[in-house]
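Visitor: Hi! Could you walk me through a few spots in this structure?
Guide: Happy to, let's bring it up.

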Amino acid sequence: MPWSDLVAVAVVALTTTAVVGGLALLALLMLRRTSVVVQVCVLVLAAIVSVVASMVGAANQMYLSEHDLTVAIAVSAISGVVSLVLVAVLGWLVARNSRLLSLAARRIGAGERLESAGRYSNSELNALADELVATSAKLAESREREQRIEASRRELVAWISHDLRTPLSGIRAMAEALEDGIAADPARYHRQMRMQVDQLSSMVDDLFELSKIDSDALRLSLKEVSLYDIVSDTVADLRPASQGREIRVEAPLAQELVVMADPRQLSRAIGNLLMNVIQHTPQGSPITVAVDLVDDRAMVSVIDAGGGIDEADLDRVFEPAWRGSKARTPSLEDTRSSGGAGLGLGLAIVKGIMSAHRGEVSVRNVPGGCRFDLLLPRDASIGA
C-alpha cells in the first residue's frame with residue numbers, strides 16, 4: 001500500500017475515533033450518576049462503533065468491494081456484541097459486589113462487628129473486604145474501650161461524690177459541735193478537722209494530677225537521678241504509714257543505677273504503689289521493693305502479700321476509681337491510718353506518670369499476693 005493511502009486511512013480512522021470518542025465522553029458525562037454497568041457498556045459500544053465507522057471510511061478510501069466491507073462489518077459487529085455481553089456480565093458482577101460491600105460498610109456503621117465480608121470476583125475487591133473486616137474489628141475494640149472509659153468516668157464521679165461527702169460531713173459535724181460548745185475535747189476535734197482537710201487536699205491533688213495526665217499537660221523536669229536514692233527516700237517517707245509492716249528494699253545493682261527521670265513524679269509513682277500495697281497487706285506481712293535491670297531497662301518492683309487480685313480485674317487495675325474486689329478493699333483501720341482510701345486514682349496516676357516517662361507499668365499475681373513493675377525505657381537509663 002502506498003504511503004499516501006496509508007496516511008489517508010490513518011486520518012480517516014483518527015477522525016472517526018475522535019468524533020465517536022467525543023460523543024462517548026459526552027454520553028458518559030450525562031450518565032455519570034448511573035450504574036457502572038451502563039457506563040462500561042457505553043465505552044464498549046463506543047469502541048465498536050469507532051471500529052466499524054473506521055472500517056467503512058477506510059473501505060471508501062481503498063475502494064473495497066461491498067461484499068468485503070459487509071463481511072468485515074459483520075465480523076466486527078459479532079465480536080463487539082460478544083464483547084458487550086461479556087462486559088455487561090463483568091459490570092453486573094462488579095455492581096453486585098459493590099452493593100455487598102456497601103451493605104457490609106453500613107453494618108459496620110451500625111456498630112456490628114464483621115467476622116467476614118464475603119469473597120469476591122477479583123483480588124482488589126477481596127482486599128477491600130479484608131480491610132473492612134479489619135476496620136470493623138478496630139472500631140469494635142474502640143467502642144468497647146470507650147464504653148469502659150465512660151463506665152470508669154461514671155464510677156469515678158460516683159466515688160468522688162461519696163468520698164468528698166464523707167470528710168465534709170465530718171468537718172461540718174465537728175464544726176457544729178465546737179460552735180455549740182458541746183465538744184468534750186476541742187483540741188481533739190481540731191486535730192480531726194485538720195486530718196479531714198488534709199484528706200480533702202490529697203483528693204483534690206489527685207484529681208488535679210489526673211486531669212493534667214488526661215489532658216496531656218503533665219510536664220516533666222528530667223534530670224539524672226539515682227534510682228536507689230528515690231526508692232529509699234520514698235520508703236523512708238512512708239514507713240510511718242506502714243503500721244509496723246516490714247518494707248524491705250532489695251537493690252543489688254541500684255547503688256550505681258542512674259536514670260533520666262523527673263524525681264518528684266517518679267517518687268510519687270513509687271509512693272502510690274507502696275501506699276496501695278500497704279493498705280492491702282496484712283499487718284506482719286513483708287513488703288518488698290526491688291530495684292534491678294531487666295533487658296537494659298531500669299525496673300522497680302513492689303511485691304505484697306495481700307492475697308492477689310482477681311484475674312478478671314487485672315486489666316482494670318489502672319483505671320480511675322477502680323477499687324477491686326472485697327479481698328483487696330482496705331480495712332477501716334488501714335484507711336484511717338493512711339489518711340483515707342482516696343478516690344482510687346493512685347494507680348491511674350502511676351500509669352500516667354510512667355507513660356509520660358515513656359515507660360510501662362504492669363501487675364501480675366504472685367504466690368500470696370501481687371507484683372507491680374515499673375519499667376523505665378531503655379534510653380532513659382544512662383548508666384549502671
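Predicted model: local features only at pLDDT ≥ 70, side-chain atom pairs only at ≥ 80, totals over all residues.

Visitor: How much space lies in the second largest pocket?
Guide: About 720 Å³. Of the 23 residues lining that pocket, Ile-149, Asp-214, Phe-318, Pro-320 and Lys-351 are the closest to its centre.

Visitor: And which helices supply at least two residues of the lining?
Guide: Helix H4 (123–180), helix H5 (186–214) and helix H9 (346–356) each do. H4 gives the largest share, with six residues.

Visitor: What's the lining like by class?
Guide: There are 11 nonpolar, three polar and nine charged residues in the lining of this pocket.

Visitor: Switching topic: where is Thr-281?
Guide: Thr-281 sits in the loop between helix H7 (263–280) and strand S4 (287–294).

Visitor: Is Thr-281 buried or exposed there?
Guide: Thr-281 counts as buried because its relative accessible area is 1%, and the cut-off for buried is under 20%.

Visitor: What does its side chain reach at 2.5 Å?
Guide: The side chain of Thr-281 reaches the backbone oxygen of Val-277. Beyond neighbours within four places in sequence, Thr-281 is in contact with residues including Arg-245, Ile-287 and Asp-304.

Visitor: And Ser-242, where is that one?
Guide: Ser-242 is in the loop between helix H6 (227–238) and strand S2 (247–250). Ser-242 is buried too, with a relative accessible area of 4%.

Visitor: Which residues is Ser-242 in contact with, leaving aside neighbours within four places in sequence?
Guide: Those are Ile-247 and Ile-278. As for Ile-287, its C-alpha atom is separated from that of Ser-242 by 9.6 Å, with the two residues 45 apart along the chain.

Note on methods: Residues numbered from 1 in each chain as written. Heavy atoms only, no water. 1 Å grid on protein atoms, 1.4 Å probe; cavity = no way out; pocket = protein on both sides within 12 Å on 5 of 7 lines; lining within 4 Å. Points joined across faces, edges and corners; volume = space filled by probe spheres on them. Helix = DSSP H or I, 4+ residues; strand = E, 2+ residues; numbered from the N terminus. Nonpolar A, V, L, I, M, F, W, Y, C, P; charged D, E, K, R; others polar. Buried < 20%, exposed > 50% of the residue type's maximum accessible area, 1.4 Å probe, protein only. Polar contact = N/O pair within 3.5 Å; in protein donor to acceptor, adjacent residues only side chain to side chain. Contact = heavy atoms within 4.5 Å.
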